[in-house]
Amino acid sequence: MLQVPTFPNYQLQQPNYNAVKIDIHNPSVGGPATCPQPQMMPMPQVAGPIYNYPQAQVYDYPQAVQPPYYMPYPQQPVYYPTYPQQPQVVEQQPQVVQQAPAQQAPAQPAVVAQQPAAVQPAPAQPTVVCPPCPNCNTEIQPQVVPPVAVQPAPQQVNINQAPVAPAPAVPQAQPAPAAQPVDVAQPAPAAPLVDLNGFVARLANPDYEVQANTMEEIANMVKDEPVKATELLDAKIIDALINIMNADSSKLAGPTQEQIAARQKLMSGQQISDADKALATTITPMEQAERNKSYAMFTSAILQKLYGEEVAKLTGTTVPLTELPAAMNVVDQLKDNPNPMVRSSAIEALSYIQTPEYKKDLTTLFTIAQKDQDKNVQEAATAALEKLNQI
């Protein structure tokens, strides 16, 4: 069992709380002097003081007149060397200065160095080297400190205000220079490859030999130089060829009976004189005009084929037969010209431009030509149909 210690029976008195009866040396509260006091445990004796600190006044400072408070100079701006190759711009951050205590001089607004002011020398003030000492007989000599060059005082600005950027310099408007006339060189027109007007003039020449030679030159140019010949695909050339085809040759002089007889002898192989031979080979003006009609139909057919090929290259389409330049004029010569030689030439010209797209129209024309009264025209139509059926 747990043993409960017994305590002596102390006789308690009603405490008398009176501040006057309290003994500060042996304090007791309302109890008699004979009241037993509790025994305190003995404390160990310490040889020295527990807290060894200097026994001096905590705040020991000379009681002198409070000197006036001077605001410290702000930190001077630092200027870094600049190089002409890569100039460096050092941005200065505003310096915040703590406010001085209340008992000192009133605080001044913080300043930031911006522009240096004029340098003013500070007045010389005596400085004491050694404080007065009662045990020292040394006479104190004041030393005069030479004046120190005061750094230029920066211009004071209030850091609480937002910095204002300097207004950019507005360039003065310069008067616009007077407009100078500019001479623009016009591009020189490309020189034509062929003399178009020269060809037209020679086709319109009344001399039938000049006309024949010009049409022969056109045919050779289309064959040998097609790029150059494209400049001949002109309405003036086509109109000149149509005029040759439609020329009225009925009033022109034709072959005489003597010429016809000499030609028959020459064609049969009989011996004839030189005079009759020259007479037989002479071409009359009417025959020259009819010959040039055949030449004009052949030349137009050559140009029609070149025209259709160029259109097919550019558009990929085939020009209808009725829209080919001078094609319908060739058809008219096949139907209406009284000269069988001209009608045969018309069939050969249409056969030159035949294509699968024109097969139906050309078959109709050649079939009708097979019923012509002239045997030579019939043979020409039959040969053209055979050629057409092969495509």
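Does Q333 count as buried or exposed? Select Q333: its relative accessibility is 7%, so Q333 counts as buried. Buried means under 20% relative accessible area, exposed means over 50%, and partly exposed lies in between, with a 1.4 Å probe and protein chains only.

Two notes before moving on. This is a predicted model, in which local features need pLDDT of at least 70 and side-chain atom pairs count only at pLDDT 80 or more, while totals for chains, interfaces and linings use all residues. Residues are numbered from 1 along each chain as its sequence is written, and side-chain values use heavy atoms, with hydrogens and water left out.

**Around Q333**

Colour residues 327–336, which form helix α8, the helix that holds Q333. Helices (H or I, at least four residues) and strands (E, at least two) are DSSP runs, numbered from the N terminus. Now show the contacts of Q333, where contact means heavy atoms within 4.5 Å. Leaving aside neighbours within four places in sequence, these are M245, N246, M297, V342, R343 and A346.

**Helices α4 and α7**

Next select residues 235–245 (α4) and 285–315 (α7), whose axes come within 8 Å and cross at roughly 150 degrees. Axes are lines fitted to C-alpha atoms, for helices over the stretch in contact, and angles run from 0 to 180 degrees between N-to-C directions. The two helices are therefore roughly antiparallel; that term applies to angles over 145 degrees, while under 35 is roughly parallel, 65 to 115 roughly perpendicular and the rest oblique.

Show side chains at the contact: α4 supplies I237, I238, L241, I244 and M245, and α7 supplies N292, K293, A296, M297, T299, S300 and L303.

Which residue other than glycine has a positive phi, near 70 degrees? Select A326, which has that value. A326 sits in the loop between α7 and α8. With a relative accessible area of 7%, A326 is buried.

**The whole chain**

Zoom out and colour by secondary structure: the protein chain has 11 helices and 2 strands. Along the sequence, the pattern is β-β-α-α-α-α-α-α-α-α-α-α-α. Of the 391 residues, 23% are buried. Among contacts with a separation of 6 or more, 63% come from residues 24 or more positions apart.
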